[in-house]
Amino acid sequence: MHSPSTSPAPEQHSVLGLLAARVVAAAGAAFGPEAAAGLPGDPVLPTRDPRHGDYQSPVAMGLARTLRRPPLELATELAAALDVADVCHEPEVAPPGFVNLRLRPEWLAGRLVAGLGDERLGIPPVEPAQTVIIDYSAPNVAKEMHVGHLRSTIIGDCLANVFEFLGHRVEGVNHVGDFGTQFGMLVTHLEETQPDALEAGEADIADLEAFYKEANTRFQHDPDFAERARARVVDLQAGEPRARAAWRSLLATSRKVNQQVYDLLGVTRLVERGESFYEPMLPEVVAELRAKGLAVEDQGATVVFVPGFTNKQGDPLPLIVQKRDGGYNYATTDLAALRYRVAEQGADRILYVVGADQAQHLEMVFAVARMAGWVPDHVRTEHVPFGQVQGEGGKKLRTRSGDTVHLADLLTEAVDRARAFVLERAAERGEDPPADLDRVAHVIGIGAVKYADLAQNRQSNYVFSYDRMLSLKGNTAPYLQYAYARMRSILREAGWADGPPAGVEVRLEDEAEVELARQVVQLADVLDRVVADDAPNHLCAHLYELSQAYNQFYERCPVLRSEEPTRTSRLALCEATSATLRLGLGLLGIAVLERI
């Protein structure tokens with residue numbers, strides 16, 4: 001029998017961090033501080049094969065090249081110097097030079113107890129905290145959000161949740177396309193079709209997409225209208241009151257329509273700071289680039305040539321920052337935004353969750369900003385690209401008529417299908433539908449869409465399928481939500497609905513209990529991987545593995561029928577697992593249900 005829980009020393013917020021610190025200290029003791037300071041790669045990694053323990057250190061193999069000694073010999077010395085008796089069983093040395101580590105059940109139990117009743121599950125905030133700005137969603141004004149905005153919005157929101165949970169200062173920015181030459185035609189069309197909108201402050205547009213198409217058709221086929229629209233661009237940029245009023249009414253209407261999508265998705269943290277916010281800064285940006293000798297004239301335009309970037313012919317590729325007509329473009333706005341985020345907001349890390357097709361543009365913007373001195377070396381700028389959402393057969397997801405799928409329609413259908421799914425299950429089991437059917441359908445439907453997306457490698461394309469994402473079999477949100485509801489049912493029956501009692505002791509005796517506890521305490525490691533790789537799929541994979549470990553535990557280890565103290569110990573495992581699921585799904589932006 002393993003001994004009962006003891007609280008772990010507050011050393012590192014993650015298991016990997018704790019073990020890595022111990023390995024580095026041991027390397028310093030065994031081989032000297034210089035060897036410890038120059039360790040190549042990660043000091044500790046999770047094992048892929050549980051026969052080799054829970055974690056392993058490859059440090060000896062890296063040091064073998066530096067110290068010119070056999071790795072197995074070095075691994076033996078490292079294991080002897082390693083002080084992990086409070087955390088692990090005795091380290092094992094394995095060829096060609098690994099040190100394998102297996103966590104002690106009593107340490108796992110203590111770690112688990114430390115998180116009981118704590119909404120952070122015992123995970124302390126990181127120190128030092130960074131200022132992290134995440135640019136995501138970014139729809140265009142006067143166009144409805146479509147399926148192409150799904151991935152940016154939910155990947156960005158999930159990353160913002162995780163960074164904030166870890167203790168960083170986070171701002172999610174909605175860099176909406178709210179300024180540019182297209183607003184000349186939109187403002188002119190609005191003024192001529194809805195003159196009262198200027199007084200109302202909001203345009204009466206039932207279908208934004210249709211309004212945009214009407215304006216564009218007039219612009220393409222009516223030369224007089226096109227001329228008036230071009231003149232209105234100049235007026236808008238000069239701040240002419242009526243043009244600005246028409247523009248603001250378009251923004252208000254578009255914002256209202258987009259908010260319906262954000263409400264469906266439960267996205268609440270976005271701060272709108274669109275292209276128009278940076279408009280007053282653009283002349284200064286270009287002037288500073290000129291003053292620093294970076295911007296030059298090329299064929300009438302002002303451009304910056306970025307070393308390492310060439311066109312298909314091998315000629316230097318310029319980044320245009322001012323067009324030959326004196327106007328500015330996306331590059332100028334993006335440079336102004338980057339400059340503002342560092343200088344005014346003190347950003348340490350800036351993530352751009354935008355499509356893969358923007359890779360070269362962003363690389364050039366980042367490079368120019370560093371050349372100009374606007375982004376110092378300590379600031380990380382990252383493009384977080386993602387693949388496409390596809391229809392069956394790997395084709396672009398479209399409606400039956402061939403149009404782009406509006407995001408609001410896609411989400412509404414997911415909720416409708418979830419409602420039918422819940423009603424069908426209730427009928428199969430001879431039960432009444434949930435009293436809060438609409439809420440249950442919303443939580444399951446939206447959760448299914450989000451999880452199906454976030455569970456993918458974000459750079460891969462994936463095929464959108466309501467049937468797969470709403471299945472109770474496999475790696476889906478409904479599977480996890482139902483697993484959570486079953487855990488909560490057990491805890492309610494035991495009288496733990498409001499949390500665990502004080503003074504709980506956990507004893508991990510069955511291997512299924514040990515494995516479940518091992519999964520629970522890995523959450524901090526997983527969240528570190530999410531922010532290191534900008535990859536929510538790490539969290540999805542962990543929650544699925546956690547649920548599978550719980551199923552194995554539940555099949556092998558009776559909970560409510562067990563005698564004390566085993567019963568309380570196993571209820572604590574149920575409590576810790578359900579809390580981990582609730583927190584993990586919440587970080588993904590997915591709600592849970594106490595009852596389904």
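How many nonpolar, polar and charged residues are in the lining of the second largest pocket? The lining has 11 nonpolar, 11 polar and 5 charged residues. Here Ala, Val, Leu, Ile, Met, Phe, Trp, Tyr, Cys and Pro count as nonpolar, Asp, Glu, Lys and Arg as charged, and the others, Gly among them, as polar.

Before going on, note that this is a predicted model, where local features need pLDDT of at least 70, side-chain atom pairs count only at pLDDT 80 or more, and totals for chains, interfaces and linings use all residues. Residues are numbered from 1 along each chain as its sequence is written, and side-chain values use heavy atoms, with hydrogens and water left out.

**Stop 1: the pocket**

Select G180, T181, Q237, K323 and Y328. Of the 27 lining residues, these lie nearest the centre of the second largest pocket. A pocket is an open set of points on a 1 Å grid over the protein atoms alone, where a 1.4 Å probe fits, with protein on both sides within 12 Å along at least five of seven lines; lining residues have an atom within 4 Å of a point. The volume is about 640 Å³, taken as the space filled by probe spheres set on the points, which are joined across faces, edges and corners.

Now colour α7 (182–193), α10 (223–238), α12 (282–291) and α13 (330–343), the elements that give two or more residues to this lining. α10 gives the most, with 5 residues. Helices (H or I, at least four residues) and strands (E, at least two) are DSSP runs, numbered from the N terminus.

**Stop 2: aromatic rings**

Rings of Phe, Tyr and Trp (its six-membered ring) pair if their centres lie within 6.5 Å; planes under 30 degrees apart count as stacked, over 60 as edge-to-face and the rest as tilted. The count comes to 10 aromatic pairs.

Select Y278 and Y340. This pair is edge-to-face, at 6.0 Å centre to centre and 75 degrees between the planes. Y278 sits in the loop between β7 (270–272) and α12, Y340 in helix α13, 62 residues apart. Both Y278 and Y340 are buried (under 20% relative accessible area; exposed is over 50%, partly exposed in between; 1.4 Å probe, protein chains only).

Move to Y550 and Y554. Their rings are stacked, 6.1 Å centre to centre with 20 degrees between the planes. Both lie in helix α21 (residues 537–556), 4 residues apart, about one turn of the helix. Y550 is buried, at 4% relative accessible area, whereas Y554 is partly exposed, at 45%.

**Stop 3: charges over rings**

A charge sits over a ring if NZ of Lys or CZ of Arg is within 6 Å of the ring centre and within 35 degrees of the ring normal. Select R244, which lies over the face of W247 at 5.4 Å from the ring centre. Then select R339, over the face of W374 at 5.5 Å.

**Stop 4**

Strands pair if DSSP finds at least two bridges between them. β8 (residues 295–298) and β9 (residues 301–310) pair in the antiparallel sense over 4 bridges. E297 stands opposite T302 in β9. This hairpin has 2 residues between the strands, and Q299 takes a positive phi near 55 degrees.

β9 also pairs with β10 (residues 316–322), antiparallel over 5 bridges. F305 has P318 in β10 as its bridge partner. Here 5 residues lie between the strands, and G314 takes a positive phi near 90 degrees.

**Last stop: L585**

Select L585 in helix α22 (residues 566–587). L585 is buried, with a relative accessible area of 0%. The C-alpha atoms of L585 and C540 are separated by 8.2 Å, although the residues are 45 apart along the chain.
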